[in-house]
Amino acid sequence: MKRIFSLLIFSFLILPAAFSQLPGDFVCRLGFTYEISSQESWGKNRPVVLSVQPLSPADEAGLKINDVIESINGVKTEGQPIDALNGMFQNNSLDQLKLVVRNLGYKDKGVNLNKDCKLSRALNERDLSMVYSFYSLEDMQLRGFSCPFRTTLRASSDFSNYKTFGFMPVDENNKALEDVINASIRKALEKRGLIYQAENPDLAISTNYSYNKNKNFQEDTNVDKLPVACRYNMETGKMENLPIYYHPLIGDKQAQYLLSLGIQLIDRSRSSGNNLHVIWECEANELLGSDYPLDAYSRLHIPLMLMQYPYPQTLGEARFRYNSMKYNYTGLNYNIDNLEEVIDVDRLSPAYQSSLKPGDQIERICGIKIQPDQTTASEAYKQFIYKTISLRDPKTTYTDANGFTQCMFWNRLNYAQVSDEFKNPRYATAYSYLFYFEPYINLSGTNILTFDVKRGRERLSMKVTPVIRTESSFENYK
């Protein structure tokens, strides 16, 4: 139990992956990550977008995952080394970047990306909510999981040349199942920008599948203790526990059922007769602890499988990351070196409208004293997590994307006691205001914040009604 807490690293400076340092101690964030592609089939020798942070400049500009960036401010990116690309993204003389991108559904699309520049010492409330995520794991979830998807590419094919798709004839003996599979594929590919075309499409989709009882299955008396997979359902937007075993300590003989599902994308123009030119394929092979029919498996997993097209980041298996955030936004930015000092206030934000100003010293938030020292605040946070672990619900345990195995929600029966612990001064939980809308932090149900402020020689008590911000993202990662 203690190991999880020893691994907690309290980082006060969390910057988006794409940012630049400006003279005058400013940082400009762009809000996306990228890598230079080495894949012949997609964006060879050009930057390909891997992730886009919600509500960031990149998100607001319309940049998408898998976008191939063809040019930056008129300069072609093909063959540019990473240092040169970083220099273009971090051009300090420009407030806006003009990108030209392409993806499955478009090419030569212009994207105007406005930089979001802040003082480098400013810590905003989004960053704080990630730092203090264990205050409310119900609202701050970073989940990761892997799937046994083996992906194969044909290097001679440029996937940007394929615009339309259709399906190979269905097996009439399994029409109901294949209709479900094909409907899931169609929906996923259309979402990625391809166009369904029944007659003479660029790509023909073929599938193969099997579902059988395991002849080598051996009853395990510890079956209830075997870990099952928890995967993201793109339809519901939630993580779900499934009767799937995907764990190095579980062998084939412990599975009651064996399932396989394969999807092939075939270039019709380069195929003849039985000689099919497959440009991309993805196959899943699963061990099942109990009955999980192929149609149900297909609805949830085909969207995940097709996230490997056109730019898989891994081929032997697929890795996914789900991030969900919900927190109070007032517009305050704190000084990393002195956490009680307001270093900046976002214009037109709730804090701005309540007349909070840069330079204000915040002594208390909702009656709880701020701890300005990073080291002391970090230790208080760790102690809070450790001392309140018994108030959480073990039935909700999950492992987050950082490998923390003891993530749990608060036990609903303990909300009043949890609320008391948040008020305990030794834990310095002032930043729990980020989740003040939750009953285990504020039993009153009124999401109105009180900031006790020192401004010069004045001491003020200021009310702020925050905006509850929500964001979520789901992506492949290496």
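Tutor: Leu-348 sits in the loop between β23 (338-345) and α7 (350-353); helices here are DSSP runs of H or I with at least four residues, strands are runs of E with at least two, and both are numbered from the N terminus. Phi of Leu-348 is near 65°, a positive value in a residue other than glycine. Its side is open, too: Leu-348 is exposed, at 63% relative accessible area (exposed is over 50%, buried under 20%, partly exposed in between, with a 1.4 Å probe and protein chains only).

A quick word on the ground rules: this is a predicted model, where local features need pLDDT of at least 70, side-chain atom pairs count only at pLDDT 80 or more, and totals for chains, interfaces and linings use all residues. Residues are numbered from 1 along each chain as its sequence is written, and side-chain values use heavy atoms, leaving out hydrogens and water.

Now set Ala-428 beside it. Ala-428 also has a positive phi, near 50°, and isn't glycine either. You'll find Ala-428 in the loop between α9 (415-422) and β26 (449-455), but Ala-428 counts as buried, at 17% relative accessibility.

The peptide bond from Tyr-309 to Pro-310 is cis, with omega near 10°.
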